[in-house]
Amino acid sequence: MSRRFAAVDLGASSGRVMLADLSDGLKLTEAHRFPNGPVRVAGRLYWDILGLYREILAGLRAAGPVSSIGVDSWAVDYGLLDESGALLGNPVHYRDDRTQGVAERVAEEVGAEALYEVSGLQVLPFNTIYQLLADRLDQAATMLLIPDLLGYWLTGELGAEVTNASTTGLLDVRTRTWATPLIERLGLPSGIFPPLRQPGEAVGGLRRDVAAEIGWSAPVRAVGSHDTASAVVAVPATGPAFAYVSCGTWSLAGVELPGPVLTPDSRAANFTNEAGIDGTVRYLRNVMGLWLLQECLRAWPGSDLGDLLKAAAGERPFAAVVNPDEPVFLPPGDMPARIAAECRRTGQRPPATPAAYVRCVLESLALGHRQAIRQAVELSGRDVEVVHLVGGGSRNELLCRLTADACGLPVVAGPAEATTFGNVLVQARAAGLVSDLAEMRSLVAAAEPLRRYEPSGDAGAWDEAASRVF
C-alpha cells in the first residue's frame, strides 16, 4: 500500500498542495503553491473560488498518485448550490461588510446567552450564522463550507465536516449535530445543511472527469477541514499541560479540552468552543494575527520583511502598542494609518518608521497571545506549562521571543507546516498507519527541528504595556 498522501491546504493569503510520505518517518514536499486573496466586484468582496479549484487540480497533477487526498481551509465562508448542484455565486469573503449590524440584531432576537448555550461560539461579525442571514437563500438547496464545496467538485458527494461546521454558530456544541431548533428559529431553511462527516471518514472517489484531468485517481477523505483543527492535531505536545497559538493571517490562541466551557464568564470573554478531532474541543479566541503585518507590507511596496524584522528587533520596546483585535483593523486597507490613529486614540505617539511599526505590531500580537492564553487558563482550569506556536508565524523569531516574554512561559516554535501535518496524519490514521493522537504528535516532533524560547525581560513592562490597551 502506498504511504503517500496529498494535502490541499488553503489559507487566507495563499494555498498549496503538499505531498506527504510516511515510508520512513514523516516527510513533506511542496507540489504546488499559489496566491489567494479577495476580489472586489461592484463593492462586494469575493473569493476567486474557481481560480483556487484550477490551482488545486494543477497541484494534484504535479503531486502524482497518492493513497488519498484531504482538503482544509479557513472557516466560516461557504458556497450555495441550487437544486442541480450548480454554484449560485462566488463565495463572499468574510472581510466583506455585508454583515454589519446582523450580530447585534440576532443577539436581540434570540439572546446572546441562548446562542452561546447552543453553539459555544465567540461572536465575530463574519460568523456563518450572520453571513447566511445577510444572504439571499431563496434559490439555495445546499450550503457547503469551502473545503466541502471543493470536495463536492472533486467527488460529487455532499457533506459537511464537523470541525469546520462547528465554526458556523449553527452546530450544537454538545451533540455535534446541526442545531435545527436554532436554525428554524432564525428563519433559515434547515434543508440546506448537508449531512455531517467526521475527520477520517471517506468523502468519495474522484469524479471520472477529475481523474482524467489530473492523470490518476484516489479517494478524498475528510480531515480536520478547518485549518486550525488540522494545525492543533500537529501540535508536538507530550502531555496535556500546553497552550497553542496557530499563527498565520489569524492567531488562534487557546487550549485543548475534553469538553466545552459554556459559563457566563466564558461567553463574556468571547471564547469559542470549536470541535477538534477525537471529540476534543479547541477552546480559543481569535487574535487578529499577522494580517496586521501583511497589510502594513502592502502599504510599503518594495520593503523587505527580513530587513524590517532585523531593524524592529533593535527598536525601543513598548514605544507604542495597540489592541490587535480592535474592529478597525479587520478590513483591508491602509494599516499603518489605522495603527497610527489607534495609537493617538489611546494617548500614545504613533511609530515614526516602518521598523517601529513592525515592532508595534509584533509586541501587540504578543500581548494578544498573552491575553488569550491567560484567560483560557483561568476560564478552563487547564494548567499550562508551555506554549506551542505553530504555523507560518513560528518562523518569525522576534514574534516567538516576544510571545515567550509576554506570556512568561517557554514557547516551542514549529512546525510551520502544522496544518499540512495534521491533514495528512488524519488520512494516515484512516489508512491504518498511525494509531492515535499521541503517535501523530510524536511523528510531528520527529519530523523537523523545533525551537524553544525561554521567557526573559521585565514582566512588569509587559503588564504596563497591556494596561494601555486591555
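Glutamate 464 is partly exposed, with a relative accessibility of 39% (buried means under 20% relative accessible area, exposed over 50% and partly exposed in between, with a 1.4 Å probe and protein chains only). The structure is a predicted model, in which local features need pLDDT of at least 70 and side-chain atom pairs count only at pLDDT 80 or more, while totals for chains, interfaces and linings use all residues. Residues are numbered from 1 along each chain as its sequence is written, and side-chain values use heavy atoms, with hydrogens and water left out.

The partner of glutamate 464 is arginine 468, and their closest N and O atoms lie 2.9 Å apart in a salt bridge (a side-chain nitrogen of Lys or Arg within 4 Å of a carboxyl oxygen of Asp or Glu). Both residues belong to helix α18 (residues 459-469), where a spacing of four residues corresponds to about one turn of the helix; helices (H or I, at least four residues) and strands (E, at least two) are DSSP runs numbered from the N terminus. Arginine 468 is also partly exposed, at 24%.

Across the whole structure, the search returns 25 salt bridges. One of them joins glutamate 417 to arginine 16, with 2.6 Å between the closest N and O atoms. Glutamate 417 sits in the loop between β20 (411-413) and α16 (418-430) and arginine 16 in strand β2 (residues 14-21), so this pair ties together parts that are 401 residues apart in sequence. Glutamate 417 is buried at 11% relative accessibility, and arginine 16 is buried at 9%. Both also take part in a network of salt bridges that links them with Asp9, Glu30, Arg33 and Arg395.

A further salt bridge connects arginine 345 with glutamate 326, the closest N and O atoms being 3.8 Å apart. Because arginine 345 lies in helix α13 (residues 335-345) and glutamate 326 in the loop between α12 (305-313) and α13, the pair ties together parts that are 19 residues apart in sequence. Here arginine 345 is exposed, at 56%, and glutamate 326 partly exposed, at 22%.

Not counting residues up to four places away in sequence, leucine 154 touches residues including Tyr53, Leu57, Leu60, Val71 and Val220 (contact means heavy atoms within 4.5 Å).
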